[in-house]
Amino acid sequence: MKRHGNLYPQVISRAALYQAYLDARKTKRATRACFQFERRLAAQIENLHQTLSDGSYQPKPYYKFMVYEPKPREISAPAFRDRVVQHAIYNLIRPLFDAVFIEQSYACRLGKGTHAASDYAQAALNRVPADSYILQLDIRRYYYRLDRAVLQRLIERKIKDRRLVALIMQFAITDDYRGVPIGNLLSQLFGLIYLDALDRFVKRELKVKHYARYVDDFVLFGLSREQAISHKARIVEFLDKELHLELSKSSIHKAHRGLNFVGYRTWRTRRFVRKRNLYNYRQSVKRGRLESVISSLGHARQTASRQYMLNYLQENNHELYRQLPQKIQSLHRHPAQRPRGRQRAVHPGRRNLCVDPGRYLFA
């Protein structure tokens, strides 16, 4: 793997810090911290440049708070000036690492995301035999359990500039002896770098052709039952010895049963959003939360759940339905426009059944 040096001067240059400020403020324009930084912008950029140059820069303490959806997590929000420094680092090193990641790593990457991951999963289900097996695995408390010594070693395989590596690792420190802060921009990249080793092991050592990973949730397609059991054992051993991680849950089942991955329940011919997503959507409709409704409909845009969700919105909160962007309303096939009579639909696990497709929205 090619290693890159002499990067630190590029990260701390005034031009790089100013661009990083522009990136950091995109979602923070309405915050007091951003306003205070902008009031003395030139002086703030100069101060960051000087402290980074002489080695006296230290990140400020995080503002910590809890979120409870979809599960309880402690979020560590950095000070705005530290966001700027992280963006400066990220802008330079992200392309270096992204170039070596496998195509099927879908989290926190340009042009990837949950929709692309779900598209790949559905395509993989159609490529492998219906009676072949899927191995789906999830890592226990991933970001909380990263070994920072292993992380630094993986970063140094690509970056040989010691000053830059030391600066990067300042943003990996937590109160615990392991893990990285959830809420940092760089933590997203840390997560990608750390499990890139797992991706390579699955593709090169296990030689699995159809494989996808989104953060700590990953799936191997087209296996025999014996391969699924053997691969799981080898992955458990690799995670323990090389990355000091352990599995949270696992599933081995036939491909015709589909899978629950990146927020979708996916079969060969159908895709639905998860039950929990539908519940949250209905709550948003009842409470008139337009932004949440639009977000949920965007999540469901390539699924068989979308028409049900639009119907539910129109029937239960017509005023909110009228506030939807015209682009979304134009996708709505109203009940009166549907052909009459029973419709032939394909059950996710069976063939040639005359059923109402809506009954599988909550399957």
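The second largest cavity in this predicted model holds about 40 Å³ of space. A cavity here is a set of points, on a 1 Å grid over the protein atoms alone, where a 1.4 Å probe fits but cannot get out, and its volume is the space filled by probe spheres set on the points. Across the whole structure, a search finds 2 cavities of 30 Å³ or more.

Because the model is predicted, local features need pLDDT of at least 70 and side-chain atom pairs count only at pLDDT 80 or more, while totals for chains, interfaces and linings use all residues. Residues are numbered from 1 along each chain as its sequence is written, and side-chain values use heavy atoms, with hydrogens and water left out.

Now, what surrounds that space? Lining residues (an atom within 4 Å of a point) include Ala107, Tyr142, Gln188 and Arg213. Helix H9 (residues 185-205) gives the largest share of this lining, 3 residues; helices are DSSP runs (H or I) of at least four residues, numbered from the N terminus.

Let us move on to a pair of helices. Helix H2 (residues 14-24) packs against helix H5 (residues 80-98) at an angle of about 110 degrees, and their axes, lines fitted to C-alpha atoms over the stretch in contact, are 8 Å apart. H2 and H5 are therefore roughly perpendicular (65 to 115 degrees) to each other. Their contact (heavy atoms within 4.5 Å) involves, among others, Leu17 and Tyr21 of H2 and Phe80 and Val84 of H5.

How values were computed: On a 1 Å grid over the protein atoms alone, a cavity is a set of points where a 1.4 Å probe fits but cannot get out, and a pocket is an open set with protein on both sides within 12 Å along at least five of seven lines; lining residues have an atom within 4 Å of a point. Helices (H or I, at least four residues) and strands (E, at least two) are DSSP runs, numbered from the N terminus. Axes are lines fitted to C-alpha atoms, for helices over the stretch in contact, and angles run from 0 to 180 degrees between N-to-C directions. Angles under 35 degrees count as roughly parallel, over 145 as roughly antiparallel, 65 to 115 as roughly perpendicular and the rest as oblique.
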